[in-house]
Amino acid sequence: MRIGIVCYPTFGGSGVLATELGKALADKGHQVHFITYQQPVRLNEFNANIFYHEVRVPTYPLFDYPPYETALASTMVDVIINNQLDLLHVHYAIPHASAAYMAKQILLKSGKSIPVITTLHGTDITLVGRDKTYAPVVTFSINESDAITAVSDNLREETYKSFKIEKEIEVIHNFVDVSRFSKKGIDAFRRVIAPNGEKILMHASNFRKIKRIEDIVRIFANVVKVVPSKLLFVGDGPERPMAEGLSRELGICDHIRFVGKQEQMEEILAIADLFLLTSEYESFGLAALEAMAAGVPVISSNAGGLPEINIHGQTGYLGAVGDVAGMSKHAIDLLSNDEKLRIFKDQAREQANRFDIHHIVPQYEALYNRFLFTQG
Ligand code: GMT
């Protein structure tokens, strides 16, 4: 199959998932064409089946806001025609689904019908998409997609609640390549972070408000009082200065390291003992799944789709959003009991296996096949 994938090229979960999907499809012999404004961060290896088409957005003095969506739709048309694509799979509705609709209409004029599959990822529905500035276009373009998928049961329900969707939304959960995350931690790296054998807690995200970074700092402040430990913050974003300020104020900054945006998450997760994800909302929580694949238990909020992956009392613990005391208690309990921690690590890895790439990618292929078949 010749598949076009449209996504955000950044460290965000939707871009990571779309890139990993494209790489997996290419490994299975499909020809995959990424259409984005920048090389996706996880597209870091050569594969003869992968093509990358950059969307250029020429500027002009008249444009206070260069029309990215128009440039994207035109690039889609060009790539579809010149590479005889069989279908277009867009990740994150805004503005990818509406640009795909435009490209589809343009191609229909010349007799080419291209199936469009839209995968909803989270904030395109629960935050940005709901905004009335975008909602009519989001609703229309989702409904015009040939197939709609959501990354969790929760996101499917949220989408039906927020928009008038006339079609079936299929759930295809996010996935992880468990084998890639099954690494042994590098001792030298562990010693740099935790020179006296302290436990290592970790959080990775885009540091937006929705992640409730303050809760993470406060949980760690409670943990470090009882358990010798270190906290590793991976990623970057608007809440980082607040987190740095708060950790200084609480007198724990010597125990916290901010390592910025990182591509080799498997190396970093391999030295962690506990992953924290306290978000106000997560449609799925791909970062938590990657942690589990590395055998790292997760203490998370019970928001959105997180209970679909993190099993309370088994792979970690769930707490109500903002329940810093409860999450701290669970973290201390787990980190103070090495045998229990070992069992939770095994159970986390076992749970991640349910979302392994080998189970989930065939679900996308089956979906693609269905649409190719109906298009004749
Ligand atoms: O987490 C983010 O803020 C980034 C965002 C994105 O769109 O890149 O992540 C969303 O999609 C991920 C992949 O499907 C999910 O794992 C995240 O839970 C989801 N984020 C939210 O719902 C806030």
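1. The largest pocket of this predicted model is lined by 44 residues, and those nearest its centre are Phe11, Gly12, Gly13, Asn206 and Lys211. A pocket here is an open set of points on a 1 Å grid over the protein atoms alone, where a 1.4 Å probe fits, with protein on both sides within 12 Å along at least five of seven lines, and a lining residue has an atom within 4 Å of a point.

2. The volume of the largest pocket is about 1,200 Å³, a volume being the space filled by probe spheres set on the grid points, which are joined across faces, edges and corners.

3. With four residues, α1 gives the most to the lining of the largest pocket, where helices (H or I, at least four residues) are DSSP runs numbered from the N terminus.

4. By class, this lining of the largest pocket holds 21 nonpolar, 16 polar and seven charged residues; Ala, Val, Leu, Ile, Met, Phe, Trp, Tyr, Cys and Pro count as nonpolar, Asp, Glu, Lys and Arg as charged, and the others, Gly among them, as polar.

5. The second largest pocket contains about 320 Å³ of space, and among its 17 lining residues the closest to the centre are Glu20, Ala24, Asp27, Asp177 and Ile357. Because domain 1 (2-175 + 356-375) and domain 2 (178-353) both give residues to its lining, the second largest pocket lies between them, with domain bounds taken from an automatic or database domain assignment.

6. Residues are numbered from 1 along each chain as its sequence is written. Local features need pLDDT of at least 70, side-chain atom pairs count only at pLDDT 80 or more, and totals for chains, interfaces and linings use all residues, while side-chain values use heavy atoms, leaving out hydrogens and water.

Technical notes
Helix = DSSP H or I, 4+ residues; strand = E, 2+ residues; numbered from the N terminus.
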